[in-house]
Amino acid sequence: EPTTSQAGGTKSDVIGRAFDLGTIVKVVQDGGVPVIIFDRWTARGVKDATVAANGVPMGIHSDARFENLNSKTTFRIPVVDGAIFNYSHCVAIDQPAQQRSSTLEEFAQLKSPENVILLTLDPKGRVTKAQNDAPC
């Protein structure tokens, strides 16, 4: 099935969600638009519909908060021009996370366990903001 509509623009597989949670499998280009191939993860004890509507807090923690229940299904999620990528890193459990601005390219290279990412999505299902997890 074609991924580009007549009016141009890349189709998102996650239209209707305000947030998505998971890891970046890879980034592809579609007509000059970066598209994240996304492996959705689950927040333990939180229904997916809740994650989709409200997101989940991405603070410092030491517990196994997120899990990958299905690595076979992936979702195509375009990234808007000017999307914000916020990188967090845990120094110590009792200290605030180190935070800095980042890029899609850097986020695509993040290693476990910092590679679980909360995406903020616009009404067309495109990434406007991304925040990685900062487990200690």
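**The disulfide and beyond**

Modeller: Let's start with Cys90 and Cys136, which form a disulfide with their sulfur atoms 1.6 Å apart; a disulfide here is a pair of cysteine sulfur atoms within 2.5 Å. Bear in mind that this is a predicted model, where local features need pLDDT of at least 70 and side-chain atom pairs count only at pLDDT 80 or more, while totals for chains, interfaces and linings use all residues. Residues are numbered from 1 along each chain as its sequence is written, and side-chain values use heavy atoms, with hydrogens and water left out.

Biologist: Which parts of the chain does the Cys90 and Cys136 pair link?

Modeller: Distant ones: Cys90 is in the loop between strand 6 and strand 7 (98–102), and Cys136 is in the segment after strand 10 (134–135), 46 residues apart. Helices (H or I, at least four residues) and strands (E, at least two) are DSSP runs, numbered from the N terminus.

Biologist: What does the C-alpha trace span along its principal axes?

Modeller: About 50 × 30 × 25 Å. The protein chain has a radius of gyration of 15 Å, which agrees with the value near 14 Å that a compact globule of 136 residues would have. That radius is taken over C-alpha atoms, and the globule rule is 2.2 Å times the number of residues to the power 0.38.

Biologist: What share of the 136 residues counts as buried?

Modeller: 42% of them. As for contacts (heavy atoms within 4.5 Å), take those between residues at least 6 apart in sequence: 63% of them join residues at least 24 apart.

Biologist: Okay, the inside. Which residues have the most contacts inside the largest nonpolar core?

Modeller: Ile77, Phe107 and Leu119, in a core of 19 residues. By nonpolar core I mean a set of buried Ala, Val, Leu, Ile, Met, Phe, Trp, Tyr and Cys residues joined through side-chain atoms within 4.5 Å. The elements giving two or more residues to this core are strand 2 (33–40), strand 6, helix 2, strand 8 (117–121) and strand 9 (127–132).

Biologist: Which element gives the largest share of this core?

Modeller: Strand 6, with seven residues. Apart from this core lies another, of 10 residues, among them Phe19, Leu21, Ala43 and Phe66.

Biologist: What is Ile77 in contact with, leaving aside its neighbours within four places in sequence?

Modeller: Its contacts include Val14, Pro34, Phe38, Leu119, Leu121 and Val127.

Biologist: New topic: how many aromatic pairs does the structure hold?

Modeller: One. The rings of Phe85 and Phe107 have their centres 5.3 Å apart and their planes at 70°, so the pair is edge-to-face. The rule is that rings of Phe, Tyr and Trp (its six-membered ring) pair if their centres lie within 6.5 Å; planes under 30 degrees apart count as stacked, over 60 as edge-to-face and the rest as tilted.

Biologist: Where are Phe85 and Phe107 in the chain?

Modeller: Phe85 is in strand 6 (residues 75–89) and Phe107 is in helix 2 (residues 104–108), 22 residues apart. Phe85 counts as buried at 5% relative accessibility, and Phe107 counts as buried at 2%.

Biologist: Which ring does the charged end of Arg40 sit over?

Modeller: The ring of Phe75, 3.9 Å from its centre. To count, NZ of Lys or CZ of Arg has to be within 6 Å of the ring centre and within 35 degrees of the ring normal.

Biologist: Last one: where is Lys72?

Modeller: Lys72 is in the loop between strand 5 (66–67) and strand 6, and counts as exposed at 78% relative accessibility. The C-alpha atoms of Lys72 and Arg40 are separated by 9.8 Å, with the two residues 32 apart along the chain.

Methods
Buried < 20%, exposed > 50% of the residue type's maximum accessible area, 1.4 Å probe, protein only.
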